[in-house]
Amino acid sequence: MIQEVIITTQDVNGTPHIAPMGVHVEGDEFIILPFRPSTTLDNILATETAVMSYCDDVRIFAGCLTGRKQWALTPCQTLKGSYIASALAHRELSVQRIEEDETRPKLFCQSVYQANHAAFQGFNRAQYAVIEAAILVSRLHMLPLDKIQAEIDYLRIGLEKTAGANELEAWGWLMAKVEEYQQEQG
Ligand SMILES: Cc1cc2nc3c(=O)[nH]c(=O)nc-3n(C[C@H](O)[C@H](O)[C@H](O)COP(=O)(O)O)c2cc1C
């Protein structure tokens, strides 16, 4: 199973970095797979730690992909690092082993601490639409424009039926990014 979360890391000077990542969960292992080059990867290699934040504020996913990375953080319990202050839950990870790869190394981690902070509010199609659109935005340069447009048209159906203010704001940021890219491509 893959959990779409916000990964928080920090460099050796303690400067935090946040990025959405799909973490593979296999038994009691949490596997982070960053594509090179990646600040998340560099920080994890330097500190051998990472933090997963389980967030339902999808503005954080969309924000990271559109240059909005200033989200409130809270210090971790067991390691140097922080988690997203508004997260429903978070998990502190220690790296156990690394499978090297030129494109996408695998970082096998163990959970050393986890805590719940707020109740799950139920599934929401607009949140799903924003996450999918954020993934599309992260791959704009890899996908044909007509495929991106077709997927956005489909995702917009669920978005328009079920979004709240946060989802609409996040969607707006992503669509501005797609339009900017379309204009660049002519
Ligand atoms: C839901 C979601 C999941 C993502 N999963 C991954 C992932 O598993 N690996 C990865 O390298 N990038 C992933 N991305 C894209 C990164 O968040 C983005 O490209 C980021 O810039 C990573 O680079 P960084 O570590 O230098 O910040 C994902 C994006 C989204 C929206």
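This is a predicted model: local features need pLDDT of at least 70, side-chain atom pairs count only at pLDDT 80 or more; totals for chains, interfaces and linings use all residues.
Student: What is the phi value of Glu 48?

Tutor: Glu 48 is in the loop between H1 and S4. Its phi is positive although the residue is other than glycine, and the value is near 55°.

Student: Which peptide bond is cis, and what is its omega?

Tutor: The proline involved, Pro 37, is found in the loop between strand S3 (29–32) and H1. The cis bond runs from Arg 36 to Pro 37, with omega near -10°.

Student: Which residues of the shell are closest to the ligand?

Tutor: A residue is near a molecule if one of its heavy atoms lies within 4 Å of it. In this model 19 residues surround the ligand, and the closest of them are His 17, Pro 20, Phe 35, Ser 38 and Thr 40.

Student: Which element supplies the largest share of that shell?

Tutor: Strand S2 (16–26), helix H1 (39–47) and helix H3 (125–138) each supply at least two residues of the shell around the ligand. The largest share, 5 residues, comes from S2.

Student: How many residues of the shell are charged?

Tutor: In this classification Ala, Val, Leu, Ile, Met, Phe, Trp, Tyr, Cys and Pro are nonpolar, Asp, Glu, Lys and Arg are charged, and the others, Gly among them, are polar. The shell around the ligand has 10 nonpolar and 6 polar residues, while the number of charged ones is 3.

Student: How far from an oxygen atom of the ligand is a polar side-chain atom of Arg 104?

Tutor: A polar contact is a pair of N or O atoms within 3.5 Å; within protein, one must be able to donate a hydrogen and the other to accept it, and residues adjacent in sequence count only if both atoms are side-chain atoms. An oxygen atom of the ligand is 2.7 Å from an N or O atom in the side chain of His 17, and an oxygen atom of the ligand is 2.6 Å from a polar backbone atom of Pro 20. For the polar side-chain atom of Arg 104, the distance to a ligand oxygen is 3.0 Å.

Student: What percentage of the ligand's own accessible area does the protein cover?

Tutor: Accessible areas come from the Shrake-Rupley method with a 1.4 Å probe, and for residues only the protein chains shown count as cover. On its own the ligand has 620 Å² of accessible area, of which the protein covers 82%.

Student: Is Thr 9 buried or exposed, and which side chain does its own side chain contact?

Tutor: Buried means under 20% relative accessible area, exposed over 50%, and partly exposed in between (1.4 Å probe, protein chains only). Thr 9, which is found in strand S1 (residues 2–10), is buried because its relative accessible area is 5%. Its side chain makes a polar contact, at 3.1 Å, with the side chain of Asn 43.

Student: Why does Asp 146 count as exposed?

Tutor: Asp 146 lies in helix H4 (residues 145–162), and its C-alpha atom is separated by 39 Å from that of Gly 27, 119 residues apart along the chain. Asp 146 counts as exposed because its relative accessibility is 60%.

Student: How far apart in space are Ala 126 and Ala 170?

Tutor: Ala 126 is found in helix H3 and is buried, with a relative accessible area of 0%. The two alanines, Ala 126 and Ala 170, are 44 residues apart in sequence, and their C-alpha to C-alpha separation is 10.0 Å.

Methods
Residues are numbered from 1 along each chain as its sequence is written. Side-chain values use heavy atoms; hydrogens and water are left out. Helices (H or I, at least four residues) and strands (E, at least two) are DSSP runs, numbered from the N terminus.
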